[in-house]
Amino acid sequence: MAHRFLFEQLVRRELRQKYQGSVLGLAYYIVNPLVLMGAYYLMFGVVFKVAPQEDFPLFLMVGLVVWIFFSQSLLGAASSLLDQGGLIRKARFPRWTIPASVVCVHAVTFAVLLTLTAAVTIAVRGTLDPALLLLPLVLAALFAFALGLALVVAVLHAYFRDVAPILSAALLPWFFLSPIFFTPRSITDQAAARFALEWLNPVAPFIEGVRSIVYSGAAPSPAVLAYVIAAGVLALVLGRFVFERMQGELAVVV
Amino acid sequence: MKLAPGEIALQEASRAFSVRADRGRTLKGLLLGRGGSAADGPAPVQALRNVTLRVSPGETVGIVGRNGAGKSSTLRVLAGIIPLNSGFAGCGGQVVSLLELGAGFGRDFTGRENILLNGALHGLDKPAIEARMDAILEFSELGRFIDVPVRTYSSGMFVRLGFAIAAHLEADVLLIDEVLAVGDEAFQRKCEAQIARQIDGGATLVLVSHDAALIERTCARVVVLDDGRVACDAPAAEALGFYHRLMGTPEGVSA
């Protein structure tokens, strides 16, 4: 990669700037999701017992870390080009490195959280299985998926300032429709509704795939694997295409 | 168009900017079918109108003109930061643009870390920057402040670091926008000497400034822009004379 060093520098800068001057500093990258998880556990694990899942906290956590990575990546990327407006107006460098560095920062956090969650889940549930070897493939597809969509929302938001607010509004219902604290099978008998929950929401197969490997100790179905790979590739192709088509005027609009 | 290293070409270059108050187009505007069309608000400002300019490798060109004449737009177009609406713009070889000293500095990064970041933005890799590190440190005269976050720097220190980095990049084309007017006199002289060294090394210089004396010292050729057009393109003395008449300032007095 020609811009590896630039990319590395931007990631460092992103990591440093966000919580600079606060007492816990970088720890917030881990603390925030943990607090979120605690709140959701309280809500869906203790107050409303929505799903008859064994080891519900672990079931919930595995889905949540995937969702947090996805949603935080998109939200962070959406405003990233405007945040770095000074740089874009005055210097020439590949613009995609800015949203991509945001996604990478969240990917690092995600890796830490997932490692913790997976280690505990596998230890508690005894789900160590050769299927674990498929996890890197699913995670690579998830990264490509998040990166592709992040490129799209980042460049769109630079031109149309409605994108970030719409996105952050959409993420809440999207969260509730994602199989994070339930499985589609456990909440509906209708085939159509189940199909929609499982396949029309592109995040659902990623959650299902990671959860199948880590929580159930079984390889995801071939359909899920094919879906996540296709979604990852498609998102990346789309993201590159849209970003390249629209990046020309960035120095003028940000 | 194939350009030799150090060669610069603008071919019937035109660029307009929309000047609506809300720069970001909204989805509402798009849905109502007037996204970006600037149907409301003032008409777009034409920053460059059919500008044609050829600069040979090693030339030193100053660009002068009143505010809004298109000087900075010319540089940003040449630097490849903004695209043209029509025409062609290009520079041959390695281009180093200094449109703002310290653009992109991370305020919480130390001077040394910012050298790495800034070098990376200019397309250098780590070994290339580290090879220049000592020279940059010495040039910047920052001493022990180099390991302190730049948010604690005075504005003079800030620009010294910014210039020190740019001064140590190998350039075929140097694009400089009014950034030398900062720093104390001694440092300005040092910057000028450094630019002169790069020109002696064969670099092409395009310098935008309101400082006629600086332009006269540094540039052999001067282009006067007026309202997005080339009003005069001549040897420095002649073009600066034209510029002073245009601006209504007596000759020999720097504007």
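Leaving aside its neighbours within four places in sequence, with which residues is Ser209(B) in contact? In this predicted model, the residues that meet this condition are Ile63(B), Val64(B), Glu178(B), Leu214(B) and Ile215(B). Ser209(B) itself belongs to the loop that runs between β7 (204-208) and α7 (212-218) of chain B, and with a relative accessibility of 1% the residue counts as buried.

Chain B comprises 255 residues, of which 50% are buried. When the contacts of chain B between residues at least 6 apart in sequence are considered, 72% of them join residues that are at least 24 apart.

Chain B also makes an interface with chain A, to which chain B contributes 33 residues and chain A contributes 28 residues. The size of an interface is often given as the accessible area lost when the parts come together. For chain B and chain A the area buried between them is about 2,700 Å², with 59% of it on carbon and sulfur atoms. Two salt bridges are found across the interface of chain B and chain A, and one of the salt bridges in the model joins the side chains of Arg12(A) and Glu113(B), at a nitrogen-to-oxygen distance of 3.3 Å. Three residue pairs, with both residues at pLDDT 80 or more, are in polar contact across the interface of chain B and chain A. On the side of chain B that touches chain A, the elements that give two or more residues are β1 (8-17), α1 (27-31), α3 (111-121) and α4 (126-140) of chain B. Of these, α3(B) gives the most, with five residues. In terms of residue class, the side of chain B that touches chain A is made up of 17 nonpolar, five polar and 11 charged residues.

In chain A, Asp55(A) has a positive phi of about 45° although it is not a glycine; Asp55(A) is located in the loop between α2 (28-47) and α3 (56-83) of chain A and is partly exposed, with a relative accessible area of 34%. In chain B, Glu12(B) likewise has a positive phi of about 45° without being a glycine, but Glu12(B) is found in a strand, β1 of chain B, and is partly exposed, with a relative accessible area of 49%.

The cysteines were considered next, and over all chains the count of disulfides comes to zero. The sulfur of Cys191(B) has its closest cysteine sulfur in Cys219(B), and because the separation is 15 Å, the two are too far apart for a bond. For Cys232(B) the closest cysteine sulfur is again that of Cys219(B), at 14 Å, which is likewise too far for a bond. Both of these cysteines are buried, Cys191(B) with a relative accessible area of 4% and Cys232(B) with a relative accessibility of 12%.

Conventions. Residues are numbered from 1 along each chain as its sequence is written. Chains are lettered from A and ligands numbered from 1 in the order in which they are written. This is a predicted model: local features need pLDDT of at least 70, side-chain atom pairs count only at pLDDT 80 or more; totals for chains, interfaces and linings use all residues. Side-chain values use heavy atoms; hydrogens and water are left out. Contact means heavy atoms within 4.5 Å. Buried area is the accessible area (1.4 Å probe) that two parts lose on being put together, summed over both. A salt bridge is a side-chain nitrogen of Lys or Arg within 4 Å of a carboxyl oxygen of Asp or Glu. A polar contact is a pair of N or O atoms within 3.5 Å; within protein, one must be able to donate a hydrogen and the other to accept it, and residues adjacent in sequence count only if both atoms are side-chain atoms. Helices (H or I, at least four residues) and strands (E, at least two) are DSSP runs, numbered from the N terminus. Ala, Val, Leu, Ile, Met, Phe, Trp, Tyr, Cys and Pro count as nonpolar, Asp, Glu, Lys and Arg as charged, and the others, Gly among them, as polar. Buried means under 20% relative accessible area, exposed over 50%, partly exposed in between (1.4 Å probe, protein chains only). A disulfide is a pair of cysteine sulfur atoms within 2.5 Å.
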